[in-house]
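Hi,

Here is the structure I promised to hand over. My notes follow below it.

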Amino acid sequence: MSEFFSAFSWVNLRFLITGLGVTVQVAVISVILSFIIGSVLGVIRYVKIPYFSQIIGFIIDLIRNLPLLLIIFFTYFALPKVGIHFGVVTSTIFALTIFESAMLAEIIRSGIMAVPKGQLEGALSNGLNFKQALWHIILPQAYKKMIPPIVSQFVSLIKDTSLATIIMLPEVTYRAQIVYAQEPNAIVSMFFALAVIYFILNFIISKIGDMLDRRMAA
């Protein structure tokens, strides 16, 4: 039992906290970028621009059916072969943003389609053009319906940051591996610490999502 608690020295905890900062940084940037890009792609899929929407749809389906780990490998190892060089953090953000944007695009498209068609028809009959109706009438209602699946996707994104340990992103999981590599008796302690950290992060996000959902419903 003493070995379990001895792993939680201040040095190790500070080391993990620094990695947690990297995890949060990568997750927040990826969430913001993927939400913006996913919204744009979802709208493009919804409005069905001839040929363009089909091409975007094919790319989205392709990305959604690829393993995220493969996309991380591609951004970090393959892109430099064609002269595009990213650091570890940028590669991770790029890969997560691409993958999550594709996921969110389908969620957002489905959310828009869930809004009754009468809402769009009513907005157009009242003098709004399609762009105005989409921005002021359709999207606000759609986002209300999409809060639970979007929050669920963001929770998955935070957990997926741990996959970047394969390219040595210095986030919390990678740093935990370093700790128990140096202190073999600390492996159970580090796994426990990771479980607590990820649970707290995702629990907070889930509660924020529930709060937003209730507020929107009210």
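Start with the charges. The side chains of Arg 109 and Glu 106 form a salt bridge, 3.0 Å from N to O. Both sit in helix α5, 3 residues apart, about one turn of the helix. Keep in mind that this is a predicted model.

Glu 106 also meets the side chain of Arg 45 in a salt bridge (3.1 Å, N to O). Arg 45 belongs to helix α2 and Glu 106 to helix α5, so this pair ties together parts that are 61 residues apart in sequence. Glu 106 counts as buried, at 11% relative accessibility.

The count of salt bridges comes to 3. Arg 64 and Asp 61 make one of them, at 3.7 Å from N to O. They are 3 residues apart in helix α3, about one helical turn. Arg 64 is partly exposed at 33%, and Asp 61 is partly exposed at 31%.

Now α3 itself. Its buried residues are Ser 53, Ile 56, Gly 57, Ile 60 and Ile 63. The face turned away from the buried side carries the exposed residues Gln 54 and Phe 58.

Last, the surface. A nonpolar patch of about 1000 Å² includes Tyr 51, Phe 58, Phe 73 and Ile 166. The elements giving two or more residues to this patch are α3 and α4. The largest share, 4 residues, comes from α3.

Best wishes

Notes
Residues numbered from 1 in each chain as written. Predicted model: local features only at pLDDT ≥ 70, side-chain atom pairs only at ≥ 80, totals over all residues. Heavy atoms only, no water. Patch = residues over 30% accessible without salt bridge, like charges linked within 9 Å, V, L, I, M, F, W, Y side chains within 5 Å. Areas by Shrake-Rupley, 256 points an atom, 1.4 Å probe, with all protein chains shown as cover. Salt bridge = Lys/Arg side-chain N within 4 Å of Asp/Glu carboxyl O. Buried < 20%, exposed > 50% of the residue type's maximum accessible area, 1.4 Å probe, protein only.
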